[in-house]
Amino acid sequence: MIALNSVVRAVQYAALFVTAAFVLLLFVNEPAQPAPIPAAGADVGEAIYSTRCASCHASDGSGGFGPALADVLDERFPDPADQAAVIAGGRGSMPSFDASLTPEEIDAVVVYTRTDL
Amino acid sequence: MTETAVPVTGDAPVGAGRVTLLGAALVGAAVAVALGVYADKHDPAGQALFTLGFSGTINMKAWLATIAVVLACVQLVLAAWMYGKIGSSPPAAVGPVHRLVGTLAFLVTLPVAYHCLWSLGFETDVGDSRRFWHSLLGCVFYGMFTFKVLSVRSRRMPGWTLPIAGGLVFALLVGIWVTSSLWFFDNAGFPSF
């Protein structure tokens, strides 16, 4: 019984330490710089998607924190310009990308998500 | 700290108990609000974390949350046993095991919460109801968890505080799981490791 209580207390102290570490990391953990985008070519859209979008929408576009994209974009955004506007401006918890991506890069990821996902 | 299998009912003066209750509630509320403010004001990193062998961070989060809910169910049964709601009188080990399981359940939620807070942020669009409620429940959960831990540590609380707080923590965790893991398994398929 004493041994069990010791284990519980040790785990509780460990939980306290881990909690403190997580709280600290919330403030000091800087996001990694995303991989550079190729200057041009067919893989621009894929490179942007895999480094900027896949963490929320999943690498195959099946969705995660963000909604699924694969096979639904033509229906959801009949006009690709509307999809590009959402990427540029953001929506809900989705961040805007107009400061980090050029209009050409946004167009490239729009094409990729509509044709290759 | 005295270890007992059966919870001790507070027998402190009513006034002192109320002050302690109010203090713990304020601390819990402060934790919930602080998490919400951080999640809302922090610029979301939008990046994945470690995956612990799963195929993606989201898959890992769905499974860690599921493990937390399973552990919470075990804890609920142990709590019911301690309060004499099921079975015969509990052995002395039930109390420590209850605390151990609860601590483990809390531990497995930490990487999930960290990714939500650091990488995704708070969904303020009420129209996006699943993510809005998930964000809100997540913040309230840790506030209520804080309140519950403080309740456990205090012997001045009214006797009904602990079971109510524990039940609310469990309900909030289930709500979080329904708006995340269940949704994920429903959309991505089960088991989606």
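Author: Helices H4(A) and H5(A) are oblique to each other (under 35 degrees counts as roughly parallel, over 145 as roughly antiparallel, 65 to 115 as roughly perpendicular, the rest as oblique). The model is predicted: local features need pLDDT of at least 70, side-chain atom pairs count only at pLDDT 80 or more, and totals for chains, interfaces and linings use all residues. Residues are numbered from 1 along each chain as its sequence is written, with chains lettered from A and ligands numbered from 1 in the order in which they are written.

Reader: At what angle do H4(A) and H5(A) pack?

Author: Two packed helices are described by the angle between their axes and the distance between the axes. For H4(A) and H5(A) the angle is about 120° and the axes are 10 Å apart. Axes are lines fitted to C-alpha atoms, for helices over the stretch in contact, and angles run from 0 to 180 degrees between N-to-C directions. Helices are DSSP runs (H or I, at least four residues), numbered from the N terminus.

Reader: Which residues of H4(A) and H5(A) meet?

Author: Pro80(A), Gln83(A), Ala84(A), Ile87(A) and Ala88(A) of H4(A) meet Ile106(A), Asp107(A), Val109(A), Val110(A) and Arg114(A) of H5(A) (contact: C-beta atoms, placed from the backbone, within 7 Å). By class, these are 7 nonpolar, 1 polar and 2 charged residues (Ala, Val, Leu, Ile, Met, Phe, Trp, Tyr, Cys and Pro are nonpolar, Asp, Glu, Lys and Arg charged, the others, Gly among them, polar).

Reader: Is Ala81(A) buried or exposed?

Author: Ala81(A), in helix H4 (residues 80-89) of chain A, is exposed, with 9 other C-beta atoms within 10 Å (buried: 20 or more; exposed: 12 or fewer; partly exposed: in between). Ala81(A) and Val110(A) are 29 residues apart in sequence and 8.7 Å apart in space, C-alpha to C-alpha.

Reader: At what angle do H2(A) and H5(A) cross?

Author: H2 (residues 44-57) and H5 (residues 103-115) of chain A cross at roughly 90°, their axes coming within 8 Å. H2(A) and H5(A) are therefore roughly perpendicular. The contact of H2(A) with H5(A) has 8 nonpolar, 2 polar and 2 charged residues.

Reader: At what angle do H2 and H5 of chain B cross?

Author: Helix H2 (residues 57-82) and helix H5 (residues 161-188) of chain B cross at roughly 150°, with axes within 9 Å. That makes H2(B) roughly antiparallel to H5(B). Their contact has 15 nonpolar, 4 polar and no charged residues.

Reader: What pLDDT does chain B average?

Author: Chain B averages 87, and 93% of the residues score at least 70 (pLDDT is the predictor's confidence in each residue, from 0 to 100). Over residues 1-6 of chain B the pLDDT is below 50. The predictor gives the complex an ipTM of 0.83 and a pTM of 0.78.

Technical notes:
Helices (H or I, at least four residues) and strands (E, at least two) are DSSP runs, numbered from the N terminus. Two residues are in contact if their C-beta atoms, placed from the backbone, lie within 7 Å.
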